[in-house]
Amino acid sequence: FDVAQAFCTELNTTTGIPSTSILSVVAVEGFNVSVELAQACFDPTSGIYDEHLCQLYRSEWKQLVNTRETAILVQISLPFDPWGDLVEPWVMSVRAVFRRYENTTNGAILFYMDGGITEQIDVVDEIYGLIPMMIIFTIGGAFVMVTLYFRSAVVALRLVISIGIVLTQIYGLAVLVFQRHILIWIVPYLSQFQSILWVTPVLTFPILVGLGMDYDIFLTTRIYEYRRHPSGLIDNREAVCRAVSKTGGVITTAGMIMGLAFGGLMMSSTMFLAEAGMMLSLAVLCDTFII
């Protein structure tokens, strides 16, 4: 009880949450309930017992304390948008208070947070913690397969570098379009986007890697075939020229069709579809005409 009361007080001073926004059996509408007063509410013979007040308190006790009286629920009403940008820093500061109290009590008292956006914050942190592993497996797998197929680590390395260029350009443009609003004078509805949805980079990354590889491998395969021509008279330069001549029209046409298909998603009012559509469309066009 004393720890919970001290916690609510520190929550008020550390995170700036008004005491009136904290509801628990140790704090009611900004008033700290002492141990003596809490005990008196369950003892009608106490000199400070008040029937009306204690009846209300006992009702709150049933809702905020478990039947074994080993856990206390603290409800907090945030004075700002519970889904806005201020929530994540606030959750981190509250969890820092959690850790201090758990360390002080040597783990005898545990703290948990639930409700609102807290679960989504945990999911995002967990997923983004796995992104480095996803990048290693995706890029590493592509490097190994291309190396084995062309029997050249140099070709695979060049492919990885080209993929890196595409990803850098696409994610950079996404920030400029959806966060910096550089195209708002052309597309006014972009003003409704304040940031890039957290899930968009995660889901588009493997697709962007695939889009950055397909046409490149198509062209490189044709260069490889010309270079290994039985006549042995085709040098590197001529092999590249012939491959571009033979595949350029097909790659350009296919790239434009796919770019237009993905571009249709940009007209969606759904945040994820608009962002993913722009990224995929620009990635195809970048891979077709630049890389």
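Colleague: Which residues make the nonpolar surface patch?

Modeller: Leu173, Leu176, Ile182 and Leu183 make a nonpolar patch of about 280 Å². Patch members have over 30% relative accessible area and no salt bridge, with like charges joined within 9 Å and nonpolar side chains (Val, Leu, Ile, Met, Phe, Trp, Tyr) within 5 Å. Areas come from the Shrake-Rupley method with a 1.4 Å probe, and for residues only the protein chains shown count as cover. Bear in mind that this is a predicted model: local features need pLDDT of at least 70, side-chain atom pairs count only at pLDDT 80 or more, and totals for chains, interfaces and linings use all residues. Residues are numbered from 1 along each chain as its sequence is written, and side-chain values use heavy atoms, with hydrogens and water left out.

Colleague: Where is leucine 183 found?

Modeller: In the loop between helix H6 (153–178) and H7. Leucine 183 is partly exposed, at a relative accessible area of 31%. The classes are buried for under 20% relative accessible area, exposed for over 50% and partly exposed in between, with a 1.4 Å probe and protein chains only.

Colleague: OK, switching to charges. How many salt bridges does a search of the whole structure find?

Modeller: Four. The criterion is a side-chain nitrogen of Lys or Arg within 4 Å of a carboxyl oxygen of Asp or Glu. One of them is arginine 95 with aspartate 122, where the closest N and O atoms are 2.7 Å apart. That pair links distant parts of the chain, 27 residues apart: arginine 95 is in helix H4 (residues 87–104) and aspartate 122 in helix H5 (residues 118–150).

Colleague: And are those two buried or exposed?

Modeller: Arginine 95 is buried, with 17% relative accessible area. Aspartate 122 counts as partly exposed, at 34%.

Colleague: What does arginine 222 form a salt bridge with?

Modeller: With glutamate 225, and the closest N and O atoms there are 3.4 Å apart. Arginine 222 is partly exposed at 26%, and glutamate 225 is partly exposed at 46%.

Colleague: What about glutamate 238, which partner does it have?

Modeller: Glutamate 238 pairs with arginine 242, the closest N and O atoms being 2.7 Å apart. They are four residues apart in helix H8 (residues 236–263), again about one helical turn. Glutamate 238 is partly exposed at 32%, and arginine 242 is partly exposed at 34%.

Colleague: While we're in H8, where is its kink centred?

Modeller: On threonine 247, with a kink of about 50°. The bend at a residue is the angle between axes fitted to the seven residues ending there and the seven starting there. Threonine 247 is buried, at a relative accessible area of 2%.

Colleague: What does threonine 247 touch?

Modeller: Leaving out residues up to four places away in sequence, threonine 247 touches Phe218, Leu219 and Arg222. Contact here means heavy atoms within 4.5 Å. So that's the arginine 222 that forms the salt bridge with glutamate 225.

Colleague: Which other residues of H8 are buried?

Modeller: Besides Thr247, the buried residues of H8 are Ala239, Ala243, Ile251, Gly255, Gly259 and Gly263. Their cover includes H7 and helix H9 (271–289).

Colleague: What share of the residues is buried?

Modeller: Buried residues make up 33% of the 291.

Terms used: Helix = DSSP H or I, 4+ residues; strand = E, 2+ residues; numbered from the N terminus.
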